[in-house]
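Dear colleague,

Please find below the structure I would like to hand over to you, with its sequence. My notes on selected residues follow directly after it.

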Amino acid sequence: MGVMKIPGHADPRPREVSLEEIRTALGDCARCELAQTRTSIVFGCGSPHARVMFIGEAPGKNEDLRGEPFVGRAGENLNRMLGLAGLKREDVYIANVIKCRPPKNRTPQADEILACSPVLREQIRSIWPDVIVTLGNPASHFILKTETGITQLRGKFYQMGHFTILPTFHPAAALRNPAWQKLLEADLQMLGDHLRAKNLEGEA
């Protein structure tokens with residue numbers, strides 16, 4: 001399947017900034033009101049040289065308590081899905097658009113996303129992944145700069161400057177909807193096919 005190109009996004013230059021330096025600069029962040037209610041900053045986890053980066057919306061209760069993204073039931077579902085793409089959790093990098101849990105898991109507000117988005121952008125530039133998988137509407141809308149729903153976006157790749165984007169359902173939403181779970185599985189299988197094709201191109 002081809003990659004749909006999004007015009008108007010020039011390739012940024014890779015930055016020689018490590019994830020550790022970004023986390024240090026973030027410090028005990030108080031850039032928005034979520035700092036008052038969080039338990040932990042959930043910065044992200046995984047390989048700093050990952051070919052694939054997964055981006056969700058925001059930490060939930062389990063993530064807030066442990067300080068690591070996707071560790072609850074949604075995380076277990078994601079871990080299972082990674083195998084469909086020939087990946088393991090330690091091979092990829094996982095982060096969220098915002099780094100602190102919104103109260104009662106509500107949708108992040110625009111000012112919270114605005115305050116936190118520079119951190120995610122720096123993470124992407126530090127890792128420089130081959131593919132970014134956006135999980136659910138908020139992450140997909142933020143990365144692709146669109147309001148189109150995930151049911152219409154999913155199932156194909158998009159090009160944003162250097163980065164290839166694959167939007168798909170959030171693993172938590174898929175747990176509540178068997179039809180979405182099947183589509184999520186199909187998208188991860190498509191990701192695996194894409195990565196294998198890239199490997200063959202590199203060997204040619």
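To begin with, L82 is found in helix α3, which spans residues 73–84. Please note that the model is a predicted one. L82 has a relative accessible area of 1% and is therefore buried, the limit for that class being under 20%. Leaving aside residues up to four places away in sequence, L82 touches F54, L87, K88, R89 and V92. The C-alpha atoms of L82 and E185 lie 9.1 Å apart in space, although the two residues are 103 positions apart in sequence.

I turn next to the aromatic residues. Searching the whole structure gives two aromatic pairs. In one, the ring centres of W128 and F163 are 4.7 Å apart and the planes stand at 70 degrees, so this pair is edge-to-face; the angle required for that class is over 60 degrees. W128 sits in the loop between α4 (110–127) and β5 (131–135), whereas F163 belongs to strand β7 (residues 163–168), so that distant parts of the chain, 35 residues apart, are linked. W128 and F163 are both buried.

The other pair, F169 with W180, is stacked, with 4.8 Å from centre to centre and 15 degrees between the planes. Because F169 lies in the loop between β7 and α7 (171–175) and W180 in helix α8 (residues 178–203), this pair ties together parts 11 residues apart in sequence. The two partners may also be described by their accessibility. F169 counts as buried, at 2% relative accessibility, while W180 has a relative accessible area of 31% and is partly exposed.

With kind regards

Conventions:
Residues are numbered from 1 along each chain as its sequence is written. This is a predicted model: local features need pLDDT of at least 70, side-chain atom pairs count only at pLDDT 80 or more; totals for chains, interfaces and linings use all residues. Side-chain values use heavy atoms; hydrogens and water are left out. Rings of Phe, Tyr and Trp (its six-membered ring) pair if their centres lie within 6.5 Å; planes under 30 degrees apart count as stacked, over 60 as edge-to-face and the rest as tilted. Helices (H or I, at least four residues) and strands (E, at least two) are DSSP runs, numbered from the N terminus. Buried means under 20% relative accessible area, exposed over 50%, partly exposed in between (1.4 Å probe, protein chains only). Contact means heavy atoms within 4.5 Å.
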